[in-house]
Amino acid sequence: MTVQEGLSVGVVRETGPGERRVALVPAVVGRLRAAGLRVLVETDAGAAAWFSDEAYAQQGAVVLPTAALYAEADVLVCVGRLDEAGIGRLRPGQALVGMLAPLADPGHARLLAERGVTAVSLDGLPRTLSRAQPMDALSSQASVAGYKAVVLAASLYGRYFPMMVTAAGTERPAAMLVLGAGVAGLQAVGTARRLGAVVTAYDVRPEARAEAESVGATFLTLDALDAVGGGAGAGGYARALTAEETEAQQRELAEHVARQDIVISTAQVPGRRPPLLVTEEAVKGMRAGSVVVDLAASALGGNVAGSLPGRTVVTDGGVTVVGADNLPATMPGAASTAYARNVTALLLHMVADGALVVDLSEEIQAGVVVTHGGAVVHPGTAALLKEAQS
Ligand SMILES: NC(=O)c1ccc[n+]([C@@H]2O[C@H](COP(=O)([O-])OP(=O)(O)OC[C@H]3O[C@@H](n4cnc5c(N)ncnc54)[C@H](O)[C@@H]3O)[C@@H](O)[C@H]2O)c1
């Protein structure tokens, strides 16, 4: 197959375990083509998200087998990182755009630099910049996760979320506590409210109160952090709490957790392991039949004692604890569509006169460009690599 002139963007087929998303969907192909880009798609790249090769082709994309795609594309776009085989196919001068998590694994960034690849990672985006919002993949995917966490909890809970008044009597609505009222937490609040649950939200950032209340939650204030004015940190994120603050927070939260039917936890602190908010004792204090979904579950631990990503356990006390694992991948249609818009906005931001123009003096690019010209150029990632060497 002959591929025409012009900057080409190649959509790879994801290979991560359980990953069903795809970086570009047919609906954005027209926008990219209108900007003079050619869109190439690896065979079956969208199949797991129900986007067929034909649907891409109908929008003017060219579907290619794996080797041809990597050989032809100037810019490869992905959701998660490429596997070893994919990285082995990259060539110097090629660009790779995805969620590459360089701060979590700077060694991976070094590998991409060694291969001469320009790596661009959407998770480095300066999120408070209003012109960067259409590119904010962390937010778009967190929003999907927050929604899905509630749907998951509702399906595992053996009772109704809304108050039910029937001839057989009245059922009270479910009581839900959302821990961490960031993007995922606020989406969880809104979703649970739409299902009729009574929702309380908690966050250490004082400004989260107004946001949580605006989507229908009652905001929980704990004495633990009130005296020090809350736990806001830099850049709109939370700070890591001291050991004493954490302990006081856990103790006070346990009383509230015991009254809930559902707990959804989403708390994160950048660059740190997620804070432990719900202790084993607190889970023990919950009624049988209650459900906990820990969106922060990670190999290092999550917000809930004992939660592990991808594992659902029922405690001896009858509490179902779900360690969430890549929930956006379980809603691949919605998650891919939002992500594709984020990637498209970023590509169009970086492309000028039919070429990808790297300009590290520009605020958005300074955040997202990880490697260029054979070097790790992202300051945070470079600093971590230097630290590891010394
Ligand atoms: N366009 C924008 O301006 C924009 C876009 C996206 C996000 N944001 C802001 O960025 C911030 C981070 O959002 P995020 O969803 O990525 O956050 P995140 O995933 O880093 O954390 C989720 C939430 O957990 C909270 N948290 C952390 N430690 C906690 C603890 N010990 N107890 C309770 N809660 C705790 C955080 O305050 C945060 O609200 C928020 O202020 C959000 O509004 C702004």
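Predicted model: local features only at pLDDT ≥ 70, side-chain atom pairs only at ≥ 80, totals over all residues.
Local features need pLDDT of at least 70, side-chain atom pairs count only at pLDDT 80 or more, and totals for chains, interfaces and linings use all residues. Residues are numbered from 1 along each chain as its sequence is written, and side-chain values use heavy atoms, with hydrogens and water left out.

Reader: Where does the ligand lie relative to domain 1 and domain 2?
Author: Domain 1 covers 8-135 + 332-389, and domain 2 covers 145-325. These bounds come from an automatic or database domain assignment. Both domains give residues to the shell, so the ligand lies between them.

Reader: Which polar side-chain atom lies 2.6 Å from a nitrogen atom of the ligand?
Author: A polar contact is a pair of N or O atoms within 3.5 Å. Val183 uses a polar backbone atom, 2.7 Å from a ligand oxygen atom. The side-chain atom 2.6 Å from a ligand nitrogen belongs to Gln133.

Reader: How much of the ligand's 830 Å² does the protein bury?
Author: Arg205 places a polar side-chain atom 2.7 Å from a ligand oxygen atom. Taken alone, the ligand exposes 830 Å² (Shrake-Rupley method, 1.4 Å probe). The protein buries 85%.

Reader: What kind of aromatic pair do Tyr157 and Phe161 form?
Author: Rings pair if their centres lie within 6.5 Å; planes under 30 degrees apart are stacked, over 60 edge-to-face, the rest tilted. Here the centres are 6.0 Å apart, with 65° between the planes. The pair is edge-to-face.

Terms used
Polar contact = N/O pair within 3.5 Å; in protein donor to acceptor, adjacent residues only side chain to side chain.
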